[in-house]
Every structure is written in C-alpha cells, then in structure tokens.
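This report describes the overall build of a protein model and how its two copies are arranged. Please look at the sequence and the structure first.

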Protein chains: 2
Amino acid sequence: MSVTRQAWAYLNRVVEGPSRALQAHLQAGRDAEELARGIRARASWLGPLGPETEARHAWQRSEEDLAAAALVGGRLVTPDDAEWPADALDHAFGFAATGLSEHLRTYQSDAVAPHGLWVRGPALTGAFAQAVGVVGTRATSAYGRKVTADLVRGLAPAQWTILSGGALGVDAVAHETALSVGGRTVVVAACGLDQTYPKTHRDLFARIVDSDGAVITEYPPGTTPQRHRFLTRNRLVAALSAGTVVIEAGWRSGALNTLSWAEALGRIPMAVPGPVTSAASSGCHARLREHRAQLVTSADDIRALLEALGSVDAESQYELAFAPDQIQQLSRNELRVYDALPLRGGADADRIATAAGLPLPLTIHLLLDLERRGMLIREGNDWRRAGLG
Amino acid sequence: MSVTRQAWAYLNRVVEGPSRALQAHLQAGRDAEELARGIRARASWLGPLGPETEARHAWQRSEEDLAAAALVGGRLVTPDDAEWPADALDHAFGFAATGLSEHLRTYQSDAVAPHGLWVRGPALTGAFAQAVGVVGTRATSAYGRKVTADLVRGLAPAQWTILSGGALGVDAVAHETALSVGGRTVVVAACGLDQTYPKTHRDLFARIVDSDGAVITEYPPGTTPQRHRFLTRNRLVAALSAGTVVIEAGWRSGALNTLSWAEALGRIPMAVPGPVTSAASSGCHARLREHRAQLVTSADDIRALLEALGSVDAESQYELAFAPDQIQQLSRNELRVYDALPLRGGADADRIATAAGLPLPLTIHLLLDLERRGMLIREGNDWRRAGLG
C-alpha cells in the first residue's frame, strides 16, 4: 500500500467531503501527503481546514478503511489515479467556480469536487465520457416506471452510462433497465461501500458491479446514509453527467435537488412532463413552468440536448475530420450561440441567451466552450467573436 | 332596417374577412356607406380593395342576409354598435399592427380585425372583459376530457367567459362544462349562422345561446366551413381572449394554430402537459419545449397568468382605488417588467424579458401597457422609465 494512497485514505476519513477548504489547498498545489502531515501536526497554514479537522485529526484508520473497502471488492480512487474522472469533475466544478450560474448561490459551499471516490467495479476510465443522470421519486407510478424504462432503453445501448442514486422507484428502474439491455450503469451512494442503502438493493448493486458498472461514493467505509449526504451525493450525480433528467418528482422530491445541482454545475437539467392529475409529476411541471429544466419526452430529445454539447458522437466526429473551417465544426447549439453574437461589438450572456433561444446556463456553458476553442473573447460581462482570419 | 346596417351587410357579403384592404379604409375614417358606394361604383380610391371585390361587387343581398340571420335568431353586429367588442379587438390587432410579435410573420395578411360579427345570443357587451380560449384536439382522450372539465370548472364560475370553436372533443367539453356550472361560453364558428358545424352540435349551440352565451362568426349566412375559414376563425378565438390554453393537440392539430394566433396577437399562449406516452399531448409538449407556451396545470395557473394582465378582478380594483402611488398599482407581472428596467438609460425588450424572466411576447405586451399608463417611454427599440415626479 503506497504512502500516498494511505495519505488520501486519511484525508477521506478526517475530512468529510465536500470540503472547500481542502480543495483550496489541492488547487494551490499541496499534495496528499503534505496535507495529511499538516493536519496531523495542526499546521498553522491549514487555515479553515484546521478547525474542520480538529476533532478527527488524530484518527489513524487508513489501513482499516482500505481493508474494509477491499473486503466488499472496493478500492479508493484518488485524483492521482488515471481512472479519476478528472474531465467531468473539472467541467462541472470549474463551471461552479466561475460563479456564472444564477442557481449556484444556495449550494456555494458544497460546489467543490470530491477528494476521493470509493469504488466497487472496474476502472472508471471512460465511464463518464457519455453519461446521463436519471433520477426521480421513490414513490413512482406505473407511468413513471414505463417512461424511465423507455428512456434508458434509448440511451444505454447507445453507450450512454446511466447514473443514478440507487434508491427505490425511478432510480431502481433506471439501473435495472440499463442492466437488462447490457448497458453501463453507476450508482452514486450516500454511504460507505460496506453499507447498502436501501438494503433490498444488495443484489441489484452486485449485478451492476458484475456488469461493467460501479457503485461509487465519496464517503469512507462505515459511513451511514444521512440526510445531508443524500444532498451532496446528488451533486455527484449531476457533476458526472452531461445532463440529468428527472422523470417523476413531487413538490419536495430530492430528485429536484439533483436537478438544481445540474443547473449549478452547468449541466443540462431536463424534466419529463406527465399527467397534471398526478402529484408525482408536479415537481417536474414546476421546474418546466419556471423554465429551469428542458422538456424532454424521449431518449432522442435527451440525446439531441446532450450530444449538442460536443460529447462523443460518430457522426459529428466524421464531420469534424472533414470540416473546412472552424465554424462548420460547431454543433447545432454551438452554432446558435455563435450566430447570436453580434457581428461587431459585444453582448452579455443574457442577451445572447435570448437571441439564441437557449436557457442561460446552457448558453454560458457553450460560450465557455467556444472561448476555450479560441472562437470567442470575453471582456468583463461581454462576449465577442474572435477574428477568424 | 337602417341604411348603415345594410351597408355593413353588403360589405360582409362582398368582402370575405379578414380583409386588410377594407380595414385600411376603415382606419382611414371612411364609413360603411361610403365604402359600400365606392365598391359598387368601382371607385378609383379603392386600391387593393378594388380587385378584392371585383367578382362580387354587384351582389345585392343585404336584406336576404339579414333576414336569413334573423331566421335563426341572429343579427349583424358592426363596429358602429355599442356591443361591438372594440376593446378586445383593438388590443389584439393593435398589438399585431406594432409588428413587435416575432410570431406574426406567417399570419401578417390575416392579422386584422373582422368587419362585422354575425351573432346569435344576447348583447356581447362585457362578454370578453374576462375571457379565455380553451381549445384542443377533436380526438381527445379521457385525460384530455377530464382536464378540460377541471379547468373550465375553475374558470367559468369566476366570471371567465369560455371561448372555443364548437368542435368535437376538447371544444365540446369546454362548452358543455361551462354550461353545467352556469358559466358563459361563446362559440366562434367558421361558417354562417344558418349552418351548423358539426351538425351534431345543433342542440349544444342552442343551449349555449339560451344560457347567456353566444355563437358568433364573421361569415354571412350560407357560408360553408372550409379549411381557410377554420384558420381565420382561430384568430378570433385568440383575439377575443386574454389567453388561450390548448389542452391536448397532436403534432398537426388546428389547436396549435390558435396558439400561434395568441402569440401573434399579444395574448398569452398556454399549454397543458400530459403523458409523454400519449400522441394527443405531443403538440402541447412541442410548444412547451420551444418555450412558445406557458405551462399550466390548473385553473389557478391560468388565472395567475391572465389576471396579471390587469383584467377585471375585484381585489385588484380595490388595490387600485387605494394605492398610494402608480407603482403600487402594478400587477405582479407588470412589476416584474418595471423592475427589470434599468434605473438609468434604456434597454430593449429582449433584455427586459430576460431580466424579468418572462417570455418575450408577454413582456412586450406589458411594456405597451406600461407605456399607455405613462410609466415608460419608448425610444426606437429601447424602453426607459418615465420620470415619476
């Protein structure tokens, strides 16, 4: 067992994720061993991480934790590992760090990456290259079960990883359907790998792990599911997916929290409408009414929204290879945003979103992508086209 | 029979509504008798109205038409009559005339008021002060019938006139439910009063007329229902209502045309979602997906949207009388628009719509209302707050 992995296991035990204070140190370039030593020694440079780790800093359970994970076929994956989902996490939490999301305020303190993932299943490499969150109420109706199964049957065989929370209801139907069509599915759990919540899903989770899927959690072994952990778990479902679709959700359903996280992290929030006579669709309708989610009715709708974000797609790859210039390489939604920019001068994201007819969070997302490709320049709140020569 | 009414009856016979050319003459101040004389004499000043009336100008059927209408208990209502719904028509076609609606292009030539309404039922006075269009597919499901009835039961007893097209399906349920709760309902027909379409609704229409409701049409007696007349009829449903809700509509349903007219005329387009597994809701979902309709799930949702437009409402009348200043008299949506304006300088409607979080057509509508009250000033495409002293 490497010293570094032991240091990460120590950090996972004494700092409950998400920790903005710990992330700040990692971003500043401190490595796991240095951080572990600092916490143990109560170093003065810890800053807010000092009080955060005061009660637990003397705990030395790295070997026990790693052994407990191994006992259930699990391991600790850290930012140092090749299988760490760096792209997805950087995308989501990098977006959060820009402060551009209007929906971020509520979640500000928790909008940081995990500092470790405990994983049962094969290497995570590629698991989130094309991933969609599929969530909903535990108290799902026959309609909700049918729609969940229909959507997953249209996504999982097309190499879309189905992420969900492993709960009863919509989550379970999503995972089960993905398995039934030979797709990949990942459970993001709100407790340690040695806990199973809900207990009736022990067999389901085992089949997922045996079918190229995974159960992942940011909590070390022994951690019990608690209310606040469901909320931070929801943020990982949203972060690791290009978008999250909620199929049925009542007014106070936790699935709406996952949708809020998708907004906050620059991912695409989507909702399926249903009969207005059913309370199980009321939360979906509320988000649609407020224009805080895109209305989707089919797997094709979802793919049209998510593939437009430049995910892997054979056809667009083909177009890319033969495109004569940069603009022709743009996806449909990218082109809408690009075309919405004035020919001369700048415009702010609000204005561009209106002109493009796209929701603001998606527009900002696309603007940032276009900026990364050098096609746009940002000046304060305004964006303008870069000269393309 | 007055000479003027005979002149209007002549115009209704020789000029099939809507006629932009005829409206232009009316707007320019020519009265019915002068226009009738001009058409009969093939006057040079007719302009485009000349060719439009060439084939029919010699028809002299005013007395027969008025008699045919009287035979089925009907009469011709003209812009000269006190019961003419001038407010509603001016509001809708005045909005269309500003050219501000982004959805108007398709309908440009037909976006003018009727030049006469043939009416069965009591005087129209007040009928459209609080009116809502309720439309949908003929091939409605049990769900569509239930939702239609629920919505109408929440609107009709609260002095909302229910407008619809008198067709089978959603239209029929809307009219029937309004009758069943003692509410007022109006059929806008696509044929002459002496025709009944569909024929199975003869009894329904008679009961409507006997219950303070009406059957109205812009077509003279003898006119048969034809495809183009359904489309222009739809424009009157939209024009005479503060908003139109579509309950079920397939991809190609005519009810979507009524919704497009609501957009084009600055009225509020609304759609009820339904099961994504039902083709009958697919048109509703398409409009919601494109953000071309407001999602509504209940009569309360509809009233919240429409009453915000300053329609008659006891509570707001009370507030109006006692409000200490102009701003406190604003409805919730008016206030959202007003607050979205910058404190200094101007902003265009796109930007204000985004800041207010309201759809563009509704925003423009509210801006025009605020301008009429002297609270805003328009300069080119920009709007700014007027000094309130």
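Chain A has a radius of gyration of 21 Å, and because a compact globule with 389 residues would have a value near 21 Å, the two agree. The radius is taken over C-alpha atoms, and the globule rule is 2.2 Å times the number of residues to the power 0.38.

This is a predicted model, in which local features need pLDDT of at least 70 and side-chain atom pairs count only at pLDDT 80 or more, while totals for chains, interfaces and linings use all residues. Residues are numbered from 1 along each chain as its sequence is written, chains are lettered from A and ligands numbered from 1 in the order in which they are written, and side-chain values use heavy atoms, leaving out hydrogens and water.

Some totals for chain A follow.

| Property of chain A | Value |
|---|---|
| Helices | 17 helices |
| Strands | 12 strands |
| Span of the C-alpha trace along its principal axes | about 60 × 50 × 40 Å |
| Buried residues | 58% of the 389 residues |

Helices (H or I, at least four residues) and strands (E, at least two) are DSSP runs, numbered from the N terminus. Buried means under 20% relative accessible area, with a 1.4 Å probe and protein chains only.

Chain B is superposed on chain A by a rotation of 180 degrees with 0.0 Å of shift along its axis, at an RMSD of 0.1 Å. The two copies are therefore related as by a two-fold rotation axis. Superposition is by least squares on the C-alpha atoms of residues with pLDDT of at least 70 in both copies. Both copies use the same surface, since 100% of the contact residues of chain B recur in chain A; contact means heavy atoms within 4.5 Å.

Terms used. Buried means under 20% relative accessible area, exposed over 50%, partly exposed in between (1.4 Å probe, protein chains only).
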